[in-house]
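Please look over the sequence and the structure before turning to the points below.

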Amino acid sequence: MNLFDPLQIRDVTFRNRIAVSPMCQYSSIDGAVDDWHLVHLGARAAGGAGAVLTEAMAVVPEGRISPFDLGLWNDTQAEALARVVRFVHAQGAVFGPQLAHAGFKASTQTPWQGHGKTAEAAEGGWTPVYGPSAKPFSPSSLEPVAMTAEDIARVVRAFAEAAGRALETGCNLLEIHAAHGYLLHEFLTPLVNLRTDEYGGTFENRTRLVREVVVAVREVWPERLPLWLRISGTDWSRGGWTVEDSVALAMMVKPLGVDLIDCSSGGAVPRAEIPVGPGYQVGLSEQVRRGAGMLTGAVGLITSPQQAQAILAREQADVVLLGREMLRDPHWPLRAAHELKQEAAWPVQYERAKW
Ligand SMILES: Cc1cc2nc3c(=O)[nH]c(=O)nc-3n(C[C@H](O)[C@H](O)[C@H](O)COP(=O)(O)O)c2cc1C
């Protein structure tokens, strides 16, 4: 496998194995994309990425991380997004919203206001925030309201409705966010989910919400289009979610219509021992790929073309997702093709830089 080999998932062809990892920009008013998002996402599509994922787009207003997050809970937001979809597609990249609910991590301030601090008292902040249980993320976080069965059903519906809007705008990829200590991950991990009903306790019960969301999304998201699921492959914490759990979850959601597991990690508890370093989550992707026999994405401190190429050549992942390196260099894929001497489609406007 090479970085610039195309990837076919269902009826969609990705021109290469490089995806822009979802990255919140905290720059939205009322959850809608604006010029910033068009330029930010558009530049990375022109820069040669095979897939461009949006930042987390909340499926309900109270599911935003900050008041400035994107959302896809109304048609105005969908109409604004259509412009970005058109531009990204015109550059030859696949475009996918990341659908999300921030759970007990909702209603925080932006990073430049002191991310993690609750936004309750700040402009646009709100209460309550919701979670599987009334256990806050940290002592300084808001105490969430434990969701009722009706609350849960409403969130499942909201994911499906957002997927319907994504389809109407012409998106050809969707990612469900079940990582980083946000709502779906909160239900998965026994470190946060203390419920005693059918959504808590056993592995079967803790995975129920994710499975319900996948099923509801697949009911509106057509068979011809790919669906990715981002998980935290491990909580890096004793008594928490493990990579073996991730393999078991992958095997459960594959027949429900998930095509690729995007393997991130951590986020459920503030004090986890995360061995941060180059490619530190690649092993999770490799284990899920081997264990579940599924397509996977590797993410986390993948920065050089040679490193990315090696991950694919060793079959540790089918896709690499780049976050911060794409902020440093939106043309990373074009540079990678140049350095690795692999064939990539350059924008005609940039072809004089190709050789
Ligand atoms: C500014 C910023 C915003 C992020 N927002 C999201 C997000 O909305 N959804 C998500 O799943 N991950 C988010 N992440 C995590 C990245 O997608 C990625 O997994 C992480 O940064 C590790 O990859 P990297 O080392 O290539 O940056 C964010 C990261 C950054 C730096």
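The points that follow concern a pair of helices, a glutamine and the surroundings of another helix. The structure is a predicted model.

**Packing of helices H1 and H2**

- Two packed helices are described by the angle between their axes and the distance between the axes.
- For helix H1 (residues 35–46) and helix H2 (residues 75–90), the axes cross at roughly 20° and come within 9 Å.
- Because angles under 35 degrees count as roughly parallel, H1 is roughly parallel to H2.
- The crossing of H1 and H2 is right-handed.
- On the H1 side, the contact is made by Asp35, His37, Leu38, Leu41, Gly42 and Ala45, which meet Arg83, Val84, Phe87 and Val88 of H2.
- The residues of this contact comprise 6 nonpolar, 2 polar and 2 charged.

**The position of Gln349**

- Gln349 is found in the segment after helix H12 (332–340).
- Gln349 has a relative accessible area of 65% and is therefore exposed, the cut-off being over 50%.
- Between the C-alpha atoms of Gln349 and Ala46 there is a separation of 9.9 Å, although the two residues are 303 residues apart along the chain.

**The buried residues of helix H8**

- In helix H8 (residues 243–253), the buried residues are Val243, Asp245, Ser246, Val247, Leu249, Ala250 and Val253.
- The helices against which these buried residues of H8 pack are H5 (183–188), H6 (203–206), H7 (208–220) and H9 (282–292).
- The buried residues of H8 also pack against strand S10 (227–232) and strand S11 (260–264).

Definitions and conventions:
Residues numbered from 1 in each chain as written. Predicted model: local features only at pLDDT ≥ 70, side-chain atom pairs only at ≥ 80, totals over all residues. Heavy atoms only, no water. Axes fitted to C-alpha atoms, helices over the stretch in contact; angles between N-to-C directions. Helix = DSSP H or I, 4+ residues; strand = E, 2+ residues; numbered from the N terminus. Parallel < 35°, antiparallel > 145°, perpendicular 65-115°, else oblique. Left-handed = near helix turned anticlockwise from the far one by under 90°. Contact = heavy atoms within 4.5 Å. Nonpolar A, V, L, I, M, F, W, Y, C, P; charged D, E, K, R; others polar. Buried < 20%, exposed > 50% of the residue type's maximum accessible area, 1.4 Å probe, protein only.
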